[in-house]
Amino acid sequence: MTVLTLSKAINEGLRKSLEADPKVLIMGEDVGKLGGVFRVTDGLQKDFGEARVVDTPLAESGIVGTAIGLALRGYRPVCEIQFDGFVFPAFDQIVSQLAKQRLRSLGHITMPVVIRVPFGGGIGAVEHHSESPEAYFAHTPGLRVVACSGPEDAYWMIQQSIASDDPVIFFEPKRRYWDKAEVDTTAALGEALPLTSARTVTEGSDVTVLTYGPMVRTCVEAAVAAREDGRALEVIDLRSLAPLDTETIVASVRRTGRCVVVHEAPVTGGLGAEIAARVTQECFYQLEAPVLRVGGYSVPYPPSRIEEHYLPDLDRVLDAVDHTFAF
Amino acid sequence: MAVDADGAVAAAPGSADLDGQAGSRVEAVQLLTPEGERLEHPDYPLDLTADEVKALYRDLVLVRRIDTEAIALQRQGELGIWASLLGQEAAQVGSGRALGPRDMAFPTYREHGVAWCRGVDPLKLFELFRGVSHGGWDPAEHNFHLYTIVIGAQALHATGYAMGIQRDGLVGEDGEAVIAYFGDGASSEGDVNEAFIWASVFNAPVVFFCQNNQWAISEPLERQSRIPLYHRAEGFGFPGIRVDGNDVFACLAVTRKAMQAAREGQGPTLIEAYTYRMGAHTTTDDPTRYRLAGELEAWKLKDPVERVKAYLVRTGAADAAFFDAIDAEAAEVGRTVRNGCLSMPDPEPTAMFENIYAEPNALVQAEREQFAAYLDSFADQEVAR
């Protein structure tokens, strides 16, 4: 067991993938000498060279578009988008090209491209550096969308994403980059929890709390606090946002009868809306209360001095839990 | 080729003033005049046998015939839409025949002539325009990527593919290269400009082949650029050259040289093939709303097919029997693609659930099963009828 920060865990996972397959490439802005603005790719260019860890020109569509071309040539590019808000210049290449190459070719093409996106707020940043754009991509057929929440999962999930023959949008909770945990880097990739599976983080019988990315820690803290009130929250880290592990979700809600979905993104049209619809359909007779959503308001991400009021926190999660018992 | 901003330079050997209007000279590499007269250019020597010229003529005639048949099929409701290449045959056949078997091409949705040169069955193109598939051929089988409809997006794919060639160590002697097709309209797209930058800074083995057909649907070239398009290359740090896009010899020679330079590690070239979209943008378009008929008439005099015929007649390389045989073959190709189109089956409704992901996907699988069950629920009713 090694204690790693989340950013170092991704770094180690990338290193493992680069070692395992010479076709794996890393490309993005400042990923080389600098090691990325969050140092996630620190030291990789030094060890694997400029041909495999590529400092690209500053244009996100170009990063993803050329990654598609490299994948067509048999490479497995891992693109870094520097911040969530900068993924939109690459939006066409992701949703109209990357996601559709396979269907367009009737299965002749595989697109093993990973796009890493640091996402979420809480770091006191300026505009475009705190957003949660995952729903746009989860809405796009042809893409897989995952979000890690801690070092152990980050280490394995990045390697699984690179090994996937389908394009994966890989969301990293930037405010948790410095969270530390033990990671067993000696285990085999095949033994890790499958990338499609959700993980039950805390077990509980009263309310199912579904979340992912940076909100997992918030919800676990809420579960600890709720225990003092005699309520047992079952916190599930979804991990895979597209496709969803509906089996795990439905099994839990059928037991608890209550469900709260928590994410930083605006609730309108967000992942929570999709999850609420599915839970309602599959658990209608077991539900004791409507599925509630806790998330960002339907406003652009606010200036950082008031972001704490926008972001869901422990109290807002517990408030929603209280509401599910008020019905 | 020395041309100033106004193009007001007297034509050099092997160069031509394509517009022929005082004050708006458009100089370009030309090896075959519209009258079928052969020109020499010091930088682009081209030695073709009579059989090679006849083969190019055959390509030109057959791709035009396929195009004509496709337009007719669209008018009869058999294709949903068609993007005609009429007028651009020489640009496509010339550049397409300049490629080696290991070179890779990235087309737009109008590159039927290049597809022909790469051995793609025209019926695969018809599948797309009929609505049977979104393409469906294997790009690796033909070294011809799928048609890309979002304007300019493929320029980046081509550049990335060229970066892959570099990483495979296949630049240099016995090297490979990539050609990216796009049009004058696409030259305004960010993706094309980003591709120029990538190709330039990484010295990628890619040739950018811009068919300037003067029109982006209804918008004339002046709405895309105030300088000749090939001049843009200089700002990105690689050579740009203009070629008479209606001259199959010049397109062949210029593309060959640029591809060879790319293969050898000299990096990208921008080729502007100066041509004309003689038809509508697609079969849904009506060019009479935005351009004058006289313009088309002027370009008809520069027809890319007729000038090769004139050359073959002028040099005595081909006789009437040859032209009759090509015409007969064209008629046969027309019948073949027509019959192939008419007998093309629709895909099964459940086909929409296939080839989305390489790996099993629970959501797609579940929805496919729901849909199949829904379809099955009508089975009894069909029997009753």
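Chain A of this predicted model has twelve helices and 14 strands, and its radius of gyration of 19 Å is close to the 20 Å that the globule rule gives for 327 residues, so chain A is as compact as a globular protein of that length.

**Overall build of the chains**

- Along its principal axes, the C-alpha trace of chain A spans about 60 × 40 × 40 Å, whereas the C-alpha atoms of chain B fill a box of roughly 80 × 50 × 40 Å, taken along the principal axes of that chain.
- Buried residues account for 58% of the 327 residues in chain A, and for 46% of the 385 residues in chain B.
- Of the contacts in chain A between residues at least 6 apart in sequence, 79% join residues at least 24 apart; in chain B, residues 24 or more positions apart account for 74% of the contacts with a separation of 6 or more.

**Contact between chain A and chain B**

- The contact between the chains draws on 35 residues from chain A and 34 residues from chain B.
- On the side of chain A that touches chain B, α3 (60–72), α4 (91–98) and α5 (101–104) of chain A each supply at least two residues, and α3(A) gives the most, with nine residues.
- Sorted by class, that side of chain A has 13 nonpolar, 16 polar and six charged residues.

**Helix α12 of chain B and its partners**

- Helix α1 (residues 50–75) of chain B packs with α12(B) at an angle of about 35°, the two axes being 9 Å apart, and α1(B) passes α12(B) in a right-handed crossing.
- From α1(B), the residues B:K54, B:Y57, B:R58, B:V61, B:L62, B:R65, B:I66, B:E69 and B:L73 take part, and they meet B:F322, B:I326, B:E329, B:A330, B:V333, B:G334, B:V337, B:R338 and B:C341 of α12(B).
- The residues of this contact of α1(B) with α12(B) divide into eleven nonpolar, one polar and six charged.
- Helix α4 (residues 122–130) of chain B also packs with helix α12 (residues 320–342) of chain B, where the axes come within 10 Å and cross at roughly 45°; α4(B) and α12(B) are therefore oblique to each other.
- The crossing in which α4(B) passes α12(B) is right-handed, and the contact is made by B:P122, B:L123, B:F126 and B:R130 of α4(B) together with B:V337, B:G340 and B:C341 of α12(B).
- By class, the residues of the contact of α4(B) with α12(B) are five nonpolar, one polar and one charged.
- B:V337 and B:C341 of α12(B) are listed in the contact with α1(B), and B:V337 and B:C341 are listed in the contact with α4(B) as well.

**Backbone features in loops of chain A**

- The peptide bond from A:A242 to A:P243 is cis, with omega near 0°, and A:P243 is found in the loop between β12 (240–242) and α9 (246–256) of chain A.
- A:R39 is not a glycine, yet A:R39 has a positive phi of about 65°; its place is in the loop between β2 (24–28) and α2 (44–48) of chain A, and A:R39 counts as partly exposed because it has 14 C-beta neighbours inside 10 Å.
- A:H128 likewise has a positive phi, near 75°, in a residue other than glycine; A:H128 lies in the loop between β5 (114–119) and α6 (134–138) of chain A, and A:H128 counts as partly exposed because it has 13 C-beta neighbours inside 10 Å.

**A buried loop residue in chain B**

- B:Y230 lies in the loop between β7 (219–220) and α8 (232–236) of chain B, and B:Y230 is buried because 25 other C-beta atoms lie within 10 Å, where the cut-off for a buried residue is 20 or more.
- Leaving aside residues up to four places away in sequence, B:Y230 touches B:G240, B:I241, B:R242, B:L270 and B:E272.
- B:Y230 and B:Y274 are 44 residues apart in sequence, and the distance between them in space is 9.9 Å, C-alpha to C-alpha.

Notes. Residues are numbered from 1 along each chain as its sequence is written. Chains are lettered from A and ligands numbered from 1 in the order in which they are written. This is a predicted model: local features need pLDDT of at least 70, side-chain atom pairs count only at pLDDT 80 or more; totals for chains, interfaces and linings use all residues. A residue is buried if 20 or more other C-beta atoms lie within 10 Å of its own, exposed if 12 or fewer, and partly exposed in between; C-beta atoms are placed from the backbone. Two residues are in contact if their C-beta atoms, placed from the backbone, lie within 7 Å. Helices (H or I, at least four residues) and strands (E, at least two) are DSSP runs, numbered from the N terminus. Ala, Val, Leu, Ile, Met, Phe, Trp, Tyr, Cys and Pro count as nonpolar, Asp, Glu, Lys and Arg as charged, and the others, Gly among them, as polar. Axes are lines fitted to C-alpha atoms, for helices over the stretch in contact, and angles run from 0 to 180 degrees between N-to-C directions. Angles under 35 degrees count as roughly parallel, over 145 as roughly antiparallel, 65 to 115 as roughly perpendicular and the rest as oblique. A crossing is left-handed if the near helix is turned anticlockwise from the far one by less than a right angle, and right-handed if clockwise. The radius of gyration is taken over C-alpha atoms; the globule rule is 2.2 Å times the number of residues to the power 0.38.
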